[in-house]
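Trainee: Could we go through this structure together, please? I would like to begin with the helices and then turn to the sheet.

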Amino acid sequence: MNTEKTTPVTAIVLGASGRGKLYGDYSLEHPDDLQITGIAELVELRRNIYGDKYHVPRENRVATWEEILSRPKFADAVIIATPDHLHYAPCMKALDLGYDILLEKPIAQTDEECRRLVAYAQEKGKIVGLTHVLRYSPYFGMLKEMVSSKAIGDLVSIQHFEPVEHVHMSHSYVRGSWRNAEASTPLVLAKSSHDLDILHWIIGKPCKKVVAFGDLSHFKAGNAPEGAPARCTDGCPAEASCPFSALKIYYRDRTWLYVFDLPEDPDKQGDVILENLKTGPYGKCVYHCENNQPDHYMMLMEFEGGVTVNFSIEGFTSYGGRRTRIMGTRGDIVGDMETFTHTDFATGVSKTYNANAEDALNYEGVGHGGGDAGMIRDWIEAIRQQDASLMSTPLDKSLESHLIAFAAERSRKEGKVIEM
């Protein structure tokens, strides 16, 4: 790959929350590669903090994506880091204007919109990368190499497990932005399009059949402790012993605070957190949140050639971090995102690889198991050379994972096997 440096790629960022900040930080660390020249963010405080930190010209700081994309094209690319329901429309508009794009997953809220967007990007001939960053993580990159090199013989089956961790589940999919599947996207897409993409990538063949099971079993009104009010701040008699207490998670433990716009002075943060818990969604009792996402989910898949996959998402674990078991005709692999062990059936020899150490030097990066930086670098180079093949995650290659997810939801709701 030609890695000759030229001028930085200029980009407009839509959305100044977690992922939008990641790209801003990258621009500060690598100013020769990326420069943020515009920001659209509804919350004025976030917009100004972002604009100041990443040196965005004041005239290019606006509230809405509609406003910034109503202007003539003034950058090389648009980075779409908005909520799930605001991916399709701004992406289509940015393509109209001739921008290259980095699109947060998921592509869109329906399979029809996903297909339409992929087709339009191809028609326009623009570089569109989807942030399926696990393809760039050391762990999954090394697993892909092991399977492709036939180190385990012919691939037979995979068991893959995503433990969401109980507080993460309550934060994101009960209280948070993804609590309603229709307003955002179904759990299997919102949380695990990464996983479906990785499974499809490692296997290297299309999925043929899908069946899914799962439900919302715990986070509903019938399971609320006796006397539990609508909010944890309203004197709940069970608050002190509740593992999902908002006062414990956000105020006492001070975790998951990225959703609050906090002052820099730590002494002033407590009052802001409490006010948010009294008025916003993160202070609600987890049993009174009007949520409809399943809190446990299981899929069975059959891929071309007979490879089978068992994949589950579990909201009731004390830990996070994906787990993987890969079975082949001459060996198997067992891993946990940090390390994996390959055992050769013929020799009986087992070898453990560390995805965060010298075994993984070619996969330098941050976030998502080391994948974010590699993804951004390739996207920038693809724009410079106008060559989508330089990315591991072009939009069209990411479509299959979404179609699998939508098929899984059909299966779960209709109670039948779906042929892809």
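Predicted model: local features only at pLDDT ≥ 70, side-chain atom pairs only at ≥ 80, totals over all residues.

Trainee: How many residues of helix α9 are buried?
Mentor: In α9 (residues 193–203), 11 of the 11 residues are buried, so the helix is largely enclosed by the rest of the structure. Buried means under 20% relative accessible area, exposed over 50%, and partly exposed in between, with a 1.4 Å probe and protein chains only. Helices (H or I, at least four residues) and strands (E, at least two) are DSSP runs, numbered from the N terminus.

Trainee: And what do the buried residues of α9 pack against?
Mentor: They pack against α6 (138–148), β7 (155–163), α8 (187–190), β9 (296–303), β10 (308–314) and α13 (395–414). Contact here means heavy atoms within 4.5 Å.

Trainee: Take S193: which residues does it touch?
Mentor: S193, which lies in α9, touches K105, H132, V188, S401 and H402, leaving aside residues up to four places away in sequence. Its relative accessibility is 0%, so S193 counts as buried.

Trainee: What follows α9?
Mentor: G204 does, and its phi is positive, near 75°.

Trainee: Now the sheet. What is the order of its strands?
Mentor: The sheet is open, has 9 strands and mixed pairing, and runs β14-β13-β12-β11-β7-β10-β9-β8-β15. Its edge strands, β14 (350–354) and β15 (418–419), each pair on one side only. Two strands pair if DSSP finds at least two bridges between them.

Trainee: In which sense do β12 and β13 pair?
Mentor: Strands β12 (residues 331–335) and β13 (residues 339–344) are antiparallel, over 5 bridges. Within that pair, I333 stands opposite H342 in β13.

Trainee: Which strands does α6 touch?
Mentor: On the sheet, α6 touches β7, β11 (323–328), β12, β13 and β14, and its direction makes about 15° with that of β13. The axes are lines fitted to C-alpha atoms, for helices over the stretch in contact, and angles run from 0 to 180 degrees between N-to-C directions.

Trainee: One last topic: is L45 buried or partly exposed?
Mentor: L45, in helix α2 (residues 44–53), is partly exposed, with a relative accessible area of 45%.

Definitions and conventions: Residues numbered from 1 in each chain as written. Heavy atoms only, no water.
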